[in-house]
There are 2 protein chains.
Amino acid sequence: MSSLSSQPYKGTRDYYPAEKRIQNYIFATWRRVVQLHGYEEYGAPMLEPLEVYTAKSGQELAGEQTYMFTDRGDRVVAIRPEMTPSISRMVAARRQELGYPARLFSIANFMRYERPQRGREREFWQLNTDIFGVEGALAEAEIISLGAEIMDAFGATKDMYTIRINNRKLIDYMLSQYLGLDGVQSHMMMKLLDRKDKIDREEFTRQAVEIFGTEVANESMKRLERLLSARSMADLPADIQQSAAALEMRDLFALLLSAGVTNAVFDATLMRGLDYYTGTVFEVFDTDPENNRSLFGGGRYDGLVGLFGADPIATVGMAPGLTTTELFLRSHNLLPELMSTTEVGIVVIDNTVLGALDLAKRLRNEGVRVEVDISGRKIDKQIKAVIKKNVPFIIFVGENELAAQMYPFKDTVTTNEEVLSFERIVSNVKDRRRKDEDDEFAEFFD
Amino acid sequence: MSSLSSQPYKGTRDYYPAEKRIQNYIFATWRRVVQLHGYEEYGAPMLEPLEVYTAKSGQELAGEQTYMFTDRGDRVVAIRPEMTPSISRMVAARRQELGYPARLFSIANFMRYERPQRGREREFWQLNTDIFGVEGALAEAEIISLGAEIMDAFGATKDMYTIRINNRKLIDYMLSQYLGLDGVQSHMMMKLLDRKDKIDREEFTRQAVEIFGTEVANESMKRLERLLSARSMADLPADIQQSAAALEMRDLFALLLSAGVTNAVFDATLMRGLDYYTGTVFEVFDTDPENNRSLFGGGRYDGLVGLFGADPIATVGMAPGLTTTELFLRSHNLLPELMSTTEVGIVVIDNTVLGALDLAKRLRNEGVRVEVDISGRKIDKQIKAVIKKNVPFIIFVGENELAAQMYPFKDTVTTNEEVLSFERIVSNVKDRRRKDEDDEFAEFFD
């Protein structure tokens, strides 16, 4: 038989311990921040009926990017391409039992059939965090501030990212009242603006003129340009500034400022691709010119719970992604050096494996994470294996060491080596752990 | 439009915060124990090429139970029904780079198309924990002891479960040398023994006689009965006891005893369904007559890495499941009361939400996990919501409280209420957290 490929399925990643540490660091940071703000974790199935996505997620996502198939019982199902419909379904199913505001989060994997590229994989991980049951700008301000606090917790400073904000109701007003577009034209214009950064200027103008129709194109293009060039709400035409949606947005900006979020800006062209948004939309962008990408986004979607046979619930949510977060941390040099979760590797000299296992057991009783090399190989191979795994300490155990109860204890980073008692080993390991935890929290609480 | 169903896909579960807490408690216990033993976490894709499973997992799993489909690029893929082939593939891909013994674990979800029933869901979660690169009984003893330590960490005592052990090489010897079966007959007998507890005695005898053939059935059935009635290695016929496989098993039992695993027994009929096992196999059974089920199992599978174009590596692994663990904990009354991860809910009296948000921010700076009710609803509704969510404490914040900087602080479990300063609130919350952590670790380190 010819051998099977050892490569993962196209567009997916294997997470070996070194990569998994990074993933876990990001997951743990997400979890710590959202739990500090009272968000509770939930989980949803990896499969959903396809119709859950065709209803409101938009044609591209449901029709073209979804991994869908017919199960052995003739049900048409999809591997979840996003979490929003699942959590909306779950809230609908227990609408009466839940306490509101319901603050819910999950960390889960998703699949979309896309061309894999830097920062985009077919299987990807997201934090999804949503607040259910609050109308008005306090909810949006909470979710956006939470996004900013997550960035802060990773050590990002405010100049490293910008939060762009828009509002679907304001977009509707601008498209219909200010640009005079009908429903079909508005929808086309939203799709065009959503693609704006992916096509060149000329192509953008050509398509915009086509949407406006040639009679009014000149005047309409001027108005569109004015919207595109607006750098704050104050740059908008006066009548737009007086709309209800614009007043709502001003409330939001005021709340964000009072929460210390100083890097939020208005962006009239921000659309967000998904069909279900009903109010505020936002997107966080890296300001690094080398990595000038959207990091994550979210917004208000008040209609989704109502699709599942329950009364609608006001909802705001967002979904930071693992891969974009990792690229951001790398490009800003914010990713810490992460060593193995194993703290001690015991190298076995002589034929003393049972003695080594006994020492390991005593160390574990003190809470030390320890492995023993039970392979019976030569000492140099054992040492190399511990170093390969990024385990911070080595203990050497042979007959003499067990008899004297004093053990050579080597720091694999500094290569420093001392002969220590059991108690000293335990306290050295714990000192290192405490220092690590302090470093992690120092970033967070400064 | 008629509304969409709010129910999850057949055979899958929604994990609301109350259920997710239980899942997280089990995951955290698994993670703590295996990390104490030096196992490092990895992650693998949810999809694999189907051929990864057809090679060695057995016809039932790969052919009948797998969620398989053809992707948009004409690749035949499967949602992983188990982890063993994925981690074997990963180890093969980095055979040279990894340090050995490689101790690896993952906590992940899987799907199998089976009829859902108590303790069996189509989507299910498992801990997979494997040691690569060690031949001989020390590796088996480590994995089996690890299984026992996981049970201990959940508070199980040795009388609550039994570990049944057998060995594929011993099975081969018994079937070919002692029962005189050829290759085809041996395979049929293994499948029959694997189903033994699912069919009645008469049916079992009928099928066994059919495998033996009528001429030798009488004598062969007597020999088979002798194997079935063996309660320890010593009950086996003398020539079997002298086989190399039997000597290997005796080593294993000795190591287990010295590691304090006193509830491991020999079971000549234990087969384990999967085709890839090559040596020791084991299975942990609940001793409760009400819940007398297999909790999890594992064994040695030295050939799997070699399927992926690398030299074979000696491997032993096991995979405890979430659902069976939860049923075990429930049936033995071992599941702790779990409250929300949110420690404080702030109820907003008067129109003081900005003051409440500021207090929340100060509490978070001290590490307290806190939510604020920003819904503007009546106080009794706010209180009910906090209690529904199982949040342990409520702080009431109104104008007077903010002015005096003294806050009514209510314990939602005892219903005790005091008026406390900020500092006293922080220390009360932390006392409770410390007590919780002590309770959790007390079980583990006794």
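These questions and answers concern a predicted model and ask what stands behind some of the terms used for it.

Reader: Why is I26(A) called buried?
Author: A residue counts as buried if 20 or more other C-beta atoms lie within 10 Å of its own, and I26(A) has 23 other C-beta atoms within 10 Å, so I26(A) is buried. I26(A) lies in helix 1 of chain A.

Reader: Which residues does I26(A) touch, not counting residues up to four places away in sequence?
Author: Two residues are in contact if their C-beta atoms lie within 7 Å, and on that basis I26(A) touches L322(A), T325(A) and E326(A). I150(A) is 124 residues from I26(A) in sequence, while in space 9.8 Å separates I26(A) and I150(A), C-alpha to C-alpha.

Reader: What makes up the side of chain A that touches chain B?
Author: The contact takes 74 residues from chain A and 74 residues from chain B. Helix 1 (residues 17-36) of chain A gives the most to the side of chain A that touches chain B, namely six residues. By class, the residues on that side of chain A are 36 nonpolar, 19 polar and 19 charged.

Reader: What makes strand 1 and strand 8 of chain A stand at the edges?
Author: The open sheet of chain A has eight strands in the order 1-5-6-11-10-9-7-8, with mixed pairing. Strand 1 (40-41) and strand 8 (264-266) of chain A each have a single partner strand, so one side of each is left without a neighbour in the sheet.

Reader: How do you know that strand 9 and strand 10 of chain A pair?
Author: Two strands pair if DSSP finds at least two bridges between them, and five bridges join strand 9 (residues 280-286) of chain A to strand 10 (residues 294-300) of chain A, so this pair meets the cut-off. The two strands run antiparallel, and V281(A) stands opposite G299(A) in strand 10 of chain A.

Reader: Which residues meet where helix 6 and helix 11 of chain A are in contact?
Author: From helix 6 of chain A, K169(A), L170(A) and Y173(A) meet A245(A), A246(A) and M249(A) in helix 11 of chain A. This contact has five nonpolar, no polar and one charged residues. The axes of helix 6 (residues 168-178) and helix 11 (residues 244-258) of chain A come within 8 Å and cross at roughly 145 degrees, and the crossing is left-handed.

How values were computed: Residues numbered from 1 in each chain as written. Chains lettered and ligands numbered in written order. Predicted model: local features only at pLDDT ≥ 70, side-chain atom pairs only at ≥ 80, totals over all residues. Helix = DSSP H or I, 4+ residues; strand = E, 2+ residues; numbered from the N terminus. Nonpolar A, V, L, I, M, F, W, Y, C, P; charged D, E, K, R; others polar. Buried ≥ 20, exposed ≤ 12 C-beta atoms within 10 Å, placed from the backbone. Axes fitted to C-alpha atoms, helices over the stretch in contact; angles between N-to-C directions. Left-handed = near helix turned anticlockwise from the far one by under 90°.
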